Amino acid sequence: MSKSKSEEYADRIMPILSEQQILDNFTDEELRQVGLNMGYNIPQGTKFHD
C-alpha cells in the first residue's frame with residue numbers, strides 16, 4: 001500500500017519517533033512527573049534510562 005503525497009510530506013516534517021528516542025529527550029525526573037500527573041505512584045529516584 002503506497003502512501004499519499006500528504007502522508008509522505010507529514011512523515012518528512014514530523015517523523016514518527018521510537019519510544020527510546022522520546023525517552024532520550026526527557027530526564028528521569030521529568031518522566032516521573034508525567035507519570036505522577038497521570039495518576040501513577042512513582043517513587044522519587046526512579047530510573048527510566050539505562
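The buried residues of helix H3 are Asp 28, Leu 31, Arg 32 and Gly 35, where buried stands for under 20% relative accessible area, exposed for over 50% and partly exposed for what lies in between, with a 1.4 Å probe and protein chains only. Because they cover an arc of only 100 degrees around the axis, they are on the same side of H3; the arc is that of the directions from the helix axis to the C-beta atoms. What covers these buried residues includes H2, contact being defined as heavy atoms within 4.5 Å. Helices are DSSP runs (H or I, at least four residues), numbered from the N terminus.

This is a predicted model, in which local features need pLDDT of at least 70 and side-chain atom pairs count only at pLDDT 80 or more, while totals for chains, interfaces and linings use all residues. Residues are numbered from 1 along each chain as its sequence is written, and side-chain values use heavy atoms, with hydrogens and water left out.

Arg 32 also takes part in a salt bridge, with Glu 29, in which the closest N and O atoms are 3.1 Å apart; the term requires a side-chain nitrogen of Lys or Arg within 4 Å of a carboxyl oxygen of Asp or Glu. A search of the whole structure finds one salt bridge. Both Glu 29 and Arg 32 belong to H3 (residues 28–37), where they are three residues apart, about one turn of the helix. Side chains of opposite charge can pair when their charged atoms come close. Leaving aside neighbours within four places in sequence, Arg 32 is in contact with Ile 42, Pro 43, Gln 44, Gly 45 and Phe 48. Just after H3, Gly 39 takes a positive phi of about 100 degrees.

| Residue | Relative accessible area | Class |
|---|---|---|
| Glu 29 | 34% | partly exposed |
| Arg 32 | 11% | buried |
| Met 14 | 66% | exposed |

Met 14 lies in the loop between helix H1 (5–13) and helix H2 (19–23). Together with Tyr 9 and Ile 13, Met 14 makes a nonpolar surface patch of about 380 Å²; the area comes from the Shrake-Rupley method with a 1.4 Å probe, and patches are made of residues with over 30% relative accessible area and no salt bridge, nonpolar side chains (Val, Leu, Ile, Met, Phe, Trp, Tyr) being joined within 5 Å and like charges within 9 Å.

Terms used. Helix = DSSP H or I, 4+ residues; strand = E, 2+ residues; numbered from the N terminus.
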